[in-house]
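Here's a quick briefing on a protein model, sorted by topic. Have the structure open while you read.

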Amino acid sequence: CSQYRVCCHKYPRVTVNHRPDINPSPVSAADRERRDAAAGIQTTDRFARFSQRNDMFNRAFWDDEIRRPEMMAFFDSYRKVPSFRRGGGFSQKDFALRNAAWAVSDEFSSRGESEGIREGFNAPLRPTAQVASKRIEVENRDAMTAEIKQIAKLFGAGIVGIAPYDPRWTYANRVSSTTFEEDDTGLPEGLTSVVVLGHEMDRALVDTYPSAVAGAATGNAYSEETATVIRLSQYIRNLGWQAVGSMNDSALVIPYALQAGLGEYARNQLVITPEYGPRVRFSKVLTDLPLVHDQPRLLGVRRFCDVCTRCIDACPVKALPSGPPLDVQLNRSAIQGVIKWTSDAEKCFGFWADLRSDCAICLRVCPWNRDFGYWWNRVWRWFARTPARGWLIKLENLSKRGRRKQSTNWWKRIRSVTRR
C-alpha cells in the first residue's frame, strides 16, 4: 500500500488468467482442514485465488470505474511535493516525517521500476546474492526453527511464526506496475514453509490517525520490514536453501499470519496479536528450508468483535461490515469464496485519496489497541475472552481511550525528550 509510479496514460484492460500454482501444499487435506478450523479460516466452493491486478492500489491506475485525480494526487504526495494544508497533522513537517519513514522501503521498491517491478509490492524483493552451492543439511528441525526465529528477531522482527506453504493464498498472477499486464508470480518450485514476521507500529503515532504524521507509523514499519526480510532471506540462501523475501507481493499475508499462530482476524480486517493488538505490519519469507510449523491459536477476538461496533461507528465512510462474517464480494478488490468480515475497499481507499494519506481510524479505536507489556492490559485481555467482554466494551465507550490525539502533542513529546 505504498506509493506507485504515476503515469497519466490509460492502461489496457487485460483478461485475468488464474495460473495454476507450481507448489502443492506440504500438508494433507485433512491437516489443512484442521488448521483452517483452528485459525478461524472458512472457504466455500466459490473460492478462487486473488488476482493482484484487482488490488485496490493497482486498480487506482487502470480501472476507469474508480480512477480519479485525487488517487493520483495521493500517490504523488509520497514522491513529489504533497499538498500541505492547515489542520493538525498535515503540515510540511508532518508530511516530511511520513515520507522519510518510507525511505528504505522506497529505495528497494524503486530499483526495478523501469521494468514494471516494484519490489515488495508487485514483486518479491530481489536477492542480494544467489543460493549457496553447498547446502547445510538440517538434522534437527526444531533447532533450526528456533534458530530462524531468533535470527529474525535479531534482524528486527518483533514477532515471528511459521506456517506451511498454502497455494490458495498465492496470487493468481503478478502484475506490472507500468503496463498492468499480468505475468507469473515467479516463485520457485519446492516451497514448503512461510516465515511470517511482525513489526510493531508506534502507538503514539497511531493515536493521531488520521494524519500525515501518523502515516510515519506505517512507513516506518514497511522500511523495517524491508531490512528484516532482505537479511533473513539472504541468511537462508547462504545456508543453501531457497528463500523469497516478500512483503505485499506474491501472496496474501493475513492467512499466513493466522496459520502461523500470530493472532486472530478481526472485524476491522486486521490481525489482533497478543503482543501488540492490531498495531502490527506483516511480511514474510517463503522457503524450502525444513522447519516446524506453528499451530494457529484463537484469542477470543471473533466473539469480542461479534458484540463490538467501535470500528464500524468510527469509520467516516462506513466501509466496515456489520453483522457476522459472510462470503460476500462487494467489489473486485475482495477475494471470493472466503467467509470473513470484508470491507468496502473502494470506499476505504477513496477516503485515503481525499486525505492524501493512509487512514487507520479502525486500528486506533480498536479496544485491543493496547500495550500488552503492562500487566493490567494482560488482565484486560484475559477478561476479553469471557462473557465480561460486553462490560469491557461499555467501559471502553465511556472512557477516552481511542480518541484522536493532536499531532502537535506528538511533536511536543519529541521536543520534551530532546531537552532531557
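Of the contacts in the protein with a separation of 6 or more, 80% are between residues 24 or more positions apart, where contact means heavy atoms within 4.5 Å. Keep in mind that this is a predicted model: local features need pLDDT of at least 70, side-chain atom pairs count only at pLDDT 80 or more, and totals for chains, interfaces and linings use all residues. Residues are numbered from 1 along each chain as its sequence is written, and side-chain values use heavy atoms, with hydrogens and water left out.

**Overall build**

- The protein has 16 helices and eight strands; these are DSSP runs numbered from the N terminus, with helices being H or I of at least four residues and strands E of at least two.
- Along the principal axes, the C-alpha atoms fill a box of roughly 55 × 55 × 50 Å.
- Of the 420 residues, 55% are buried; buried means under 20% relative accessible area, exposed over 50%, and partly exposed in between (1.4 Å probe, protein chains only).
- The accessible surface is about 18,300 Å², and carbon and sulfur atoms hold 54% of that. Areas come from the Shrake-Rupley method with a 1.4 Å probe, and for residues only the protein chains shown count as cover.

**Two helix pairs**

- Two packed helices are described by the angle between their axes and the distance between the axes. Here axes are lines fitted to C-alpha atoms, for helices over the stretch in contact, and angles run from 0 to 180 degrees between N-to-C directions.
- Helix 6 (residues 141-154) and helix 8 (residues 215-238) have axes that come within 10 Å and cross at roughly 145°. On the helix 6 side the contact is made by Glu147, Ile148, Ile151 and Ala152, and on the helix 8 side by Thr228, Leu232, Tyr235 and Ile236.
- By class, that contact has six nonpolar residues, one polar and one charged. Ala, Val, Leu, Ile, Met, Phe, Trp, Tyr, Cys and Pro count as nonpolar, Asp, Glu, Lys and Arg as charged, and the others, Gly among them, as polar.
- The crossing of helix 6 with helix 8 is right-handed. A crossing is left-handed if the near helix is turned anticlockwise from the far one by less than a right angle, and right-handed if clockwise.
- Helix 3 (residues 69-79) and helix 12 have axes that come within 8 Å and cross at roughly 65°, and this crossing is left-handed. Glu70, Met71, Phe74 and Phe75 of helix 3 meet Phe349, Trp352, Ala353 and Asp354 of helix 12, giving six nonpolar, no polar and two charged residues.

- Most residues other than glycine have a negative phi, and most peptide bonds are trans.
- Tyr209 and Pro210 are joined by a cis peptide bond, with omega about 0°; Pro210 sits in the loop between helix 7 (203-206) and helix 8.
- Gln269 has a positive phi, near 70°, in the loop between strand 6 (264-265) and strand 7 (271-272). Is Gln269 buried or exposed? Gln269 is buried, at 14% relative accessible area.
- Lys318 also has a positive phi, near 55°, in the loop between helix 11 (310-314) and helix 12 (345-355). Lys318 is partly exposed at 49%.

- Leu298, in the loop between strand 8 (280-287) and helix 10 (301-307), is partly exposed at 39%. Not counting residues up to four places away in sequence, Leu298 touches Ala38, Ala39, Gly40, Glu264 and Arg385.
- Arg302 belongs to helix 10 and is 262 residues from Gly40 in sequence, yet 8.5 Å away C-alpha to C-alpha. With the same exclusion of residues up to four places away, Arg302 touches Glu264, Pro325 and Trp341.
- Val365 lies in the loop between helix 13 (361-364) and helix 14 (375-384) and is buried at 6%.
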